[in-house]
Amino acid sequence: MSIKKLLFFIIFLLTIFLLYIFGLDYAFGKYRQYLFSLIKIPDIKTLNDSKTITLKIYSKDNNIIFEKYMSYGDTISVEEDFKEFDVFYERYVEMKGEDPIKSKLWGDFYGQLKGIYFEYFFKDALKNEFYKRLNEKYKPSELYEAIFNNFVFSNGIKGVNGYSLYLFSKKFSELHFKEKVFLALAALENINDPEDSYGKIFDDSSLISRSGRKIFINHPQTLVKYPDYLDGVFGELDDLDLNFKEKSYEIFTNLDEKKYADFTRLLRDSLKGFKGVEASLVLIDYQNKKTVLTIGTINDDYGRNRALKVKREVGSIFKPVTYLTAFQRGIRPSFVLEDKPYEFKEGNFIYRPKNYKDFYMGKTNIRNGLIYSLNNLTIKLAEKAGLNNVAYMANRIGFKDIKPFYAMPLGSIPQTPFDVAYAYSTLANYGKKCEMKFIDSVVADDGSVVQPNNECKRVADEKSVYQTLYLMKKVVSSGTARGKGLIKGTAGKTGTTNDSKDVWFAAIFPPYVAVLWVGYDNFKSLGDDASGGKIAAPIMAEIERKLLPGVTNIQFKVPEGIRMVKVVKGEDKLFDSGCGSFYYEMLNKNNLPDVCIADSLNVATKED
């Protein structure tokens, strides 16, 4: 015999004895008292610490461009969020014939009394006492509130508020009465998947709410606008230490929606003669370290982000890197090389590049290689400066994964338009490499603010960068972009790949860097005569004038130590009277060439 049964047997014998000594009523009263002492009303409370976590992203104008629920949760207060509860409760009990929650609690307790002698004779008294104590400890609303908050639905969402957000895209407090009844019944009837049992719950909801109103499922949809810009935002979010499991965040970006719309329309209008063509534009405010927009398609094809993810060969817009490298290694813009067809041996392969339209300048100052985009001269200069050094510089200023080979200086390297714009922003900042942020600030639901890192690092010599910028200004005034309507003083570079499969234009006009790419996704040629100067540069001119209305001349600050000097055309010599033709060059005062010595054969002096 177990100790428990032995104890009850002793109590039973004692009861018989008391019956004999004191009488039946007294004995039964004592035994009932004992049974009442066993009543324990359970502690019922909300055990739901889940949170509704959201991620919201805004443009610079505070318009929401992305919204997503990361998790569904939070608890409700029946008093505040279910003001119709008393009506619900009355009708629910009427429908069930009793309060099923209280009944279950009583059943759980009474089940524990099995095996106690004669408990059956006291069942009604025990039930009345149990209900009395339960009603003293809890109001119906308190009992039901705990159930509403603690119930776990089939997809792991805890509580009716979280499931309300998931099912109806609204908080529980925002639902109409019938919708509230629908969720309340699911929790009370232990239905984990209300959608799967929609018909049954709907019928009972109609009975209790006494309404024929329909209940529409409306799962929340993730709001996504400007996905070609959002890719950059998410890339930066990955680098931030944010806890999306515990906190909601609001992300404030630098996206200018009006400029995005205006320039998308401009690109479409400008390129309507090229059926099915695509284009990408990246605009950076390099002075304030902000990415203003990234347009990845002009045909609403957001499945391919041509601004941030699709890489295309960049062509001659890579050439400034070679000249920057040469200048930083002491080779002056006035240095002379011969522009002619060369053969370059790379392993067992002989590389024979051609200049555009087979135009060669012969012996000339190397500056002309950048201004007129001379392929052979540029590769020869890269060879002299060191292909490894050119690749190193390219990676330093912002190009990605550049390896040295002979076609590299001509831009036979795939990059995204953003990669190009990022590298050009380093040139615009005179050799300081700064993160060009998509995100302005991040605010958590606890009020804490995260500011992205906007530190800059010098990666190139200021004077060498300026000398490169000066020649890029000449590209616009007298080189491959001349006569295209760009504002005077703009620093730019055209780019065209083999067979005109890609045309580019990159421009620096304070405070902006802008990079435009045009091409077909299937690498179809844009035309035999297509080039960055003919297609991309005129579009950039319109963009530039919309950004800087009324500006007629762009100025770049000249670094200390740079002097404008007269240089003999075709010679690496400072001009002196009687030395023939000259032009003006920006040279480092600590790296000036010798002065030319005139002889009696020189023709009259003139400026070129």
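Start with helix α10 and select its buried residues: they pack against α4 (85–96) and α9 (177–188). Helices here are DSSP runs of H or I with at least four residues, strands are E runs of at least two, and both are numbered from the N terminus. Contact means heavy atoms within 4.5 Å. This is a predicted model, in which local features need pLDDT of at least 70 and side-chain atom pairs count only at pLDDT 80 or more, while totals for chains, interfaces and linings use all residues. Residues are numbered from 1 along each chain as its sequence is written, and side-chain values use heavy atoms, leaving out hydrogens and water.

**Stop 1: α10**

Select residues 198–209. The end C-alpha atoms of α10 are 16 Å apart, which agrees with the 16 Å that twelve residues should span at 1.5 Å a residue. The expected span is 1.5 Å times one less than the number of residues.

Now colour Ile 201, Phe 202, Ser 205, Ser 206, Ile 208 and Ser 209, which are buried. They cover an arc of only 170° around the axis, so they lie on the same side of α10. The arc is taken from the directions from the helix axis to the C-beta atoms. Buried means under 20% relative accessible area, exposed over 50%, and partly exposed in between, with a 1.4 Å probe and protein chains only.

Turn to the face away from the buried side. There sit the exposed residues Asp 203 and Leu 207. Step past the end of α10 to Arg 210, whose phi is positive, near 55°.

**Stop 2: α8 and α9**

Show α8 (residues 160–168) with α9. Their axes come within 11 Å and cross at roughly 125°. That angle makes α8 oblique to α9. On the α8 side, select Val 160, Tyr 163, Ser 164, Leu 167 and Phe 168; on α9, the contact is made by Glu 179, Phe 182, Leu 183 and Ala 187.

**Stop 3: α17**

Go to residues 417–428. How many of the twelve residues of α17 are buried? Twelve of the twelve are, and the helix is mostly covered. Among them are Phe 418, Tyr 422 and Leu 427. Just after α17, Tyr 430 takes a positive phi of about 55°.

**Stop 4: Val 515**

Finish in strand β19 (residues 512–519), the place of Val 515. Val 515 counts as buried because its relative accessibility is 0%. Leaving aside neighbours within four places in sequence, its contacts include Pro 417, Val 420 and Ala 421, along with Trp 504 and Met 540. Zoom out to Lys 158: Val 515 and Lys 158 are 49 Å apart, C-alpha to C-alpha, and 357 residues apart in sequence.

Technical notes. Axes fitted to C-alpha atoms, helices over the stretch in contact; angles between N-to-C directions. Parallel < 35°, antiparallel > 145°, perpendicular 65-115°, else oblique.
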